[in-house]
Amino acid sequence: MTTATPVKTQYEAVIGLETHCQLSTDTKIFCNCSTEFGSRPNQNVCPICMGMPGVLPVLNEKVLEYAVKAGIALNSEIAPYSKFDRKQYFYPDLPKNYQISQYDLPIAEHGWLEVELVDEAGKVSRKKIGITRLHMEEDAGKLVHAGSDRLSGSTYSLVDFNRTGVALVEIVSEPDMRSGLEAAEYAQELRRILRYLGVSDGNMQEGSLRCDVNISVRPVGRKEFGTKVEIKNMNSFNAIQRAIDYEIDRQTQAIEAGERIVQETRLWEEGSQRTISMRIKEGSSDYRYFPEPDLAPIEVSSEQLEKWKSELPELPAQKRHRYESELGLSAYDARVLTDDRSVSEYFEATVAAGANSKQAANWVMGDISAYLNNEKLSIAQIALKPDTLAELISLIETGTISGKIAKDILPELFSSGGSAKELIDRKGLTQISDTVALETIIDEILAANPKELEQYRNGKTKLLGFFVGQVMKKTSGRADPQLTNQLLAQKLKS
């Protein structure tokens, strides 16, 4: 009698993200202190953000505008009535010992965003990730630990209150993600949207975008969630993906070994590429929320809501769909071009100036992108304007210049701008397309290289490239490549 091999249990992750986004306002949420990054420690503070007795907060109107616009862009329901609450907790970088946030009546709820996922075969799929809520709140300060990157192991700690009171929106997703890749794509799309709106710079290195991951593991097919663990301290999208992948493995192995998963907060250690326990996770009751008595409730009128809605730009997902359906671009090209709003606007202006969309995409994603990366510039900082790029593409398509000549003059166009045609005329770089002139040059090259000519005619046909190169060298790259190849092929056979 044979014993059946037990079927190995398959597990899936259930992942949600809590994302804190610093809003790009000049002043803090409830006072007039500057939000400038990199200021001398404790320079941008006042009695209000320091929680001194007798002071009263006043909501920054720009914060409300930015929060509502972000909510609209995330397809959320904007609350006509919302309020602020006090969230109680005690930590050295929180001068009031409570945080002004929103609890049961947030400014926006029930939204979603769309992510694009690319599998190993390059196939693109789309998925909607739900948004539970978006709410406004103030940031805490920053602790600087001496002798360690965290409290444990440090000899002493200093506190910088410059960040205290800086305006944030916290965006909480539904637990709709199932892998580290999906979570990283969600975070990137969220940052993309906020940058398009101009409400946040999304700079993770400066702390403008901070993501906390909630993750649990359960057997495939089970509806109930497993025990949730929160992961903090991830400062890149790649780190988010790696931290989640590690935690999925850790929890799965623990369950298989019969160990209990504890609801806790864990830190991602970049150096060791692992998560470590930080503290047992608090519940909402531990924060003892109650309505903020010093701030009036918020009412957003339908007229104000429509005004802010009308000011929204075309968003990344809308652009991607349009580029594919109207401009015939691939999903990959559309994705790259829409990653940055200024790049997409440059590309669109090039097409509007008459350039072929695919050629414009190639130049923007290729030579222009490489130059920007090497020089650490934004596309707005180069002198090459969209109409000049369209002119350059047209000169190539009409045969006036070759692609090589176009690349040769790019550095000057990047730095000085101006007309591509005028620059070509001034330098005498127009393409040589005259058959008689090219035949004369080819005859001279064949006569000067009898050894290579004999080798070619004896079957070493790869030498065609050598002869083309000699023609290009003699003409400084001005020879028409297609015509040069045709004439050379004819001459070499005769």
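Of the 494 residues of the protein, 47% count as buried. The model is a predicted one. It contains 15 helices and 16 strands.

**Overall form**

- The radius of gyration of the protein is 30 Å, whereas a compact globule of 494 residues would have one near 23 Å.
- Along the principal axes, the C-alpha atoms of the protein fill a box of roughly 90 × 80 × 50 Å.
- Among contacts in the protein with a separation of 6 or more, 69% are between residues 24 or more positions apart.
- The protein exposes about 24800 Å², and carbon and sulfur atoms supply 50% of this area.

**Salt bridges**

- The count of salt bridges comes to 43.
- One of them joins the side chains of K69 and E65, with 2.8 Å from N to O. K69 and E65 are four residues apart in helix 1 (residues 61–73), so about one helical turn separates them. Both K69 and E65 are buried.
- E185 forms a salt bridge with R335, and the closest N and O atoms of this pair are 2.5 Å apart. The pair links distant parts of the chain, as E185 is in helix 2 (residues 180–197) and R335 is in helix 6 (residues 331–337), 150 residues apart. Both E185 and R335 are buried.
- E247 forms a salt bridge with R250, with 2.5 Å between the closest N and O atoms. Because E247 and R250 are three residues apart in helix 3 (residues 237–256), they are separated by about one helical turn. E247 has a relative accessible area of 0%, so it is buried.
- Salt bridges that share partners also join E114, E116, R126, E189, R192, R320, E324 and D339 into one network.

**Aromatic rings**

- The protein has eight aromatic pairs.
- In the pair of F30 and F84, the ring centres are 5.5 Å apart and the planes stand at 80°, so the pair is edge-to-face. This pair links distant parts of the chain: F30 is in the loop between strand 1 and helix 1, and F84 is in the loop between strand 3 (81–82) and strand 4 (85–88), 54 residues apart. F30 and F84 are both buried.
- Y89, Y103, Y287 and Y289 are linked into a cluster by ring pairs.

- P57 is placed in the loop between strand 1 (11–22) and helix 1.
- The relative accessibility of P57 is 13%, and therefore P57 counts as buried, the cut-off being under 20%.
- Leaving aside residues up to four places away in sequence, P57 touches F30, I48, I100, D294 and L295. Of these, F30 is also a member of the edge-to-face pair with F84.
- P57 and D139 are 82 residues apart along the chain, and their C-alpha atoms are separated by 14 Å.

How values were computed
Residues are numbered from 1 along each chain as its sequence is written. This is a predicted model: local features need pLDDT of at least 70, side-chain atom pairs count only at pLDDT 80 or more; totals for chains, interfaces and linings use all residues. Side-chain values use heavy atoms; hydrogens and water are left out. A salt bridge is a side-chain nitrogen of Lys or Arg within 4 Å of a carboxyl oxygen of Asp or Glu. Helices (H or I, at least four residues) and strands (E, at least two) are DSSP runs, numbered from the N terminus. Buried means under 20% relative accessible area, exposed over 50%, partly exposed in between (1.4 Å probe, protein chains only). The radius of gyration is taken over C-alpha atoms; the globule rule is 2.2 Å times the number of residues to the power 0.38. Contact means heavy atoms within 4.5 Å. Accessible areas come from the Shrake-Rupley method with a 1.4 Å probe; for residues, only the protein chains shown count as cover. Rings of Phe, Tyr and Trp (its six-membered ring) pair if their centres lie within 6.5 Å; planes under 30 degrees apart count as stacked, over 60 as edge-to-face and the rest as tilted.
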